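This report is a short walk through one protein model. Please look at the sequence and the 3D view before reading on.

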Amino acid sequence: MRPKNDDRQMSGCFRGFKLRSFVSGKQKQRNENCSTLSASREEDEKVLAPSRDFDFGIPSEWGLSVDQSSFDSSLPPYMTLEDASKSSAAEQTISRVLNELESELHELSMKIHDHPEIAFQERYARDTLTAFMRRHKFHVTSGYLGLETAWRAEYSYGRGGKVIGINSEMDALKGIGHACGHNLIAASGCGIAVALKVALETHDIPGKIILLGTPAEEGGGGKIILLQRGGYDEMDFCLMSHPGPGPLNSFDIGSTTAVLTFEVEYLGKGAHAGAAPWEGINALDAAFLAYSSLSVLRQQMKPTHRSHGIVQGQDWISNVIPDNARLRWQVRAPTYDELVVLAERVRKCFEAAALATGCTVKIDQDSKPPYYDLKNNPILARIFSGIVRTQYGHSVRTNGSAASTDFGNVSYHLPSLHPLYSIPTETHGGNHTPAFTKASATKEAHAANMIATRGLAITGLRVIQDDELFREMKAASACSAL
Ligand SMILES: [Zn+2]
Ligand SMILES: [Zn+2]
């Protein structure tokens, strides 16, 4: 899915006060039209005043930059510091159910952790999670919208209610297991869905819950495929969380980067490297020239941008001029718009290497769908932050992460929330390291996951129950998509 041009215009509404001054006059007028949401400039400044409950300006351990032109580390303008400590009877039901489910959810998480499956092969996870959802009387579809390992668990109560979407990721990384903690996300999705179901039934609240088991977050873009096939069309909003390293007892509701993948293939001509090298056209040279150009380009890139990849080849031996070489290259930027500009500069490095060596080059940037940056809905972010601050004493930051998620594409499509929460790790044990695989199996990680789960379940309930909040949430997403 590629959003229409207009949809890609990032709005100051979402990005916060600092970016507001950079938007065009036309956009400014539109932003002002979002008056039901927007505080006045003075109000924004008041809201943005540092609070002891928020950690400002701390660079994220996920390697996030502090480039203020791209990432606004201040709070979004709608983040009023409301007191969310009072919980309704329905919210107490959610807490009670999650207390009761806690050991079962831990077991689910550990089972999946101990059976790591890579993208599109999450059969054990699918079967384990769907069995759990069936036990809790959800209507389950195993294998969904043409994806064998995707699944959907649905429950409706009453008529005319709101439709909440939730995502459970399941995939692991090749060779290092659950080094991104998707076992925690899988269990969390189930916990949110079941707790909400009991709350709707017990307190006679109409609503529909759709939990999607989403395969292949690690590079396969499972959510993007489901999105393109209508898997999210029925949802009014969608929630999930993700673990990462960072200060204990903290959440981050900032953005993530947009990413796209280049598959580049150089084709040359083989020759005897000693007897007649002049007869060859060296594809490995082309790959290394491209690699060098990309390394040089890095100095002229913004610190918030990323460019990284690998070189591969077939049947290479040292006494034959290589006739083939491939690069698998990824570029990232804080927004999709910036990514498009960066990608053009990167493409020129690939082309230049072909010109210099006489190789032919095939550049494919569509083999994997791009992941868009994450646009957390400010109203959902505000509600969630209020709950985890006041009920659990956690801090909330907006630094975001330089990592990427296919949930970014979901967030372009409907109001969404994807808070990051920190789990204790060894030094330098961030996501995609063996240390994080270990960290994803600890009791501390489970405890942090349970707080994220409670926070998201209560956030969902409040939006389902409160028409005014629901309207504000919808309007905020419309505003951010201008
Ligand atoms: Zn990951
Ligand atoms: Zn992940």
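## Model and conventions

The model is predicted; local features need pLDDT of at least 70, side-chain atom pairs count only at pLDDT 80 or more, and totals for chains, interfaces and linings use all residues. Residues are numbered from 1 along each chain as its sequence is written, chains are lettered from A and ligands numbered from 1 in the order in which they are written, and side-chain values use heavy atoms, with hydrogens and water left out.

The predictor's confidence in each residue is given as pLDDT, on a scale from 0 to 100. For the protein chain the mean pLDDT is 85, and 81% of its residues reach 70 or more. Residues 1-81 have a pLDDT below 50, although this stretch has 185 contacts in the model beyond near neighbours in sequence; a contact means heavy atoms within 4.5 Å. Where pLDDT is low, the predicted coordinates should not be read in detail.

## The chain as a whole

The protein chain has 15 helices and 14 strands. These are DSSP runs numbered from the N terminus: helices are H or I with at least four residues, and strands are E with at least two. Of the 482 residues, 58% are buried. Buried means under 20% relative accessible area, exposed means over 50%, and partly exposed lies in between, using a 1.4 Å probe and protein chains only.

Among contacts in the protein chain with a separation of 6 or more, 81% are between residues 24 or more positions apart. The count of disulfides is zero, a disulfide being a pair of cysteine sulfur atoms within 2.5 Å.

## Two zinc ions

Which residues coordinate the zinc ion (ligand 1)? They are C180 (SG), E218 (OE) and H432 (NE2), at 2.0 to 2.2 Å. Along the chain these donors follow the spacing C-x37-E-x213-H. C180 lies in the loop between strand 3 (162-169) and helix 7, and H432 in the loop between strand 14 (420-422) and helix 13 (434-439), so the pair ties together parts that are 252 residues apart in sequence. Donors are N, O and S atoms within 2.8 Å of the metal (3.2 Å for Na, K and Ca); water is not among the atoms, so sites may look incomplete.

The zinc ion (ligand 2) is coordinated by C180 (SG), H182 (NE2) and H242 (NE2), at 2.1 to 2.3 Å. The sequence spacing of its donor residues is C-x1-H-x59-H. C180 coordinates both zinc ions, which are 3.1 Å apart. C180 is buried at 8% relative accessible area, and H182 is buried at 0%. H432 is partly exposed, with 39% relative accessibility.

## Nonpolar cores

A nonpolar core is a set of buried Ala, Val, Leu, Ile, Met, Phe, Trp, Tyr and Cys residues joined through side-chain atoms within 4.5 Å. The largest one has 67 residues, and those with the most contacts inside it are I94, L105, L129, M133, F138, C190 and I209. Helix 7 (residues 182-202) supplies the largest share of this core, 12 residues. A second, separate core of 29 residues includes Y266, A287, L297 and Y372.

C190 is buried, at 0% relative accessibility. Leaving aside neighbours within four places in sequence, L105 touches L98, F132, A187, C190, G191, H446 and M450.

Helix 6 (residues 123-135) has 13 residues and reaches 18 Å from its first C-alpha to its last, close to the 18 Å expected. The expected span is 1.5 Å times one less than the number of residues. The buried residues of helix 6, including L129 and M133, pack against helix 5 (89-114), strand 1 (139-144), strand 2 (147-157), helix 7 and strand 4 (207-214). After helix 6 comes K137, whose phi is positive, near 65 degrees.

In helix 11 (residues 378-390) lies F384, which is buried at 0% relative accessible area.
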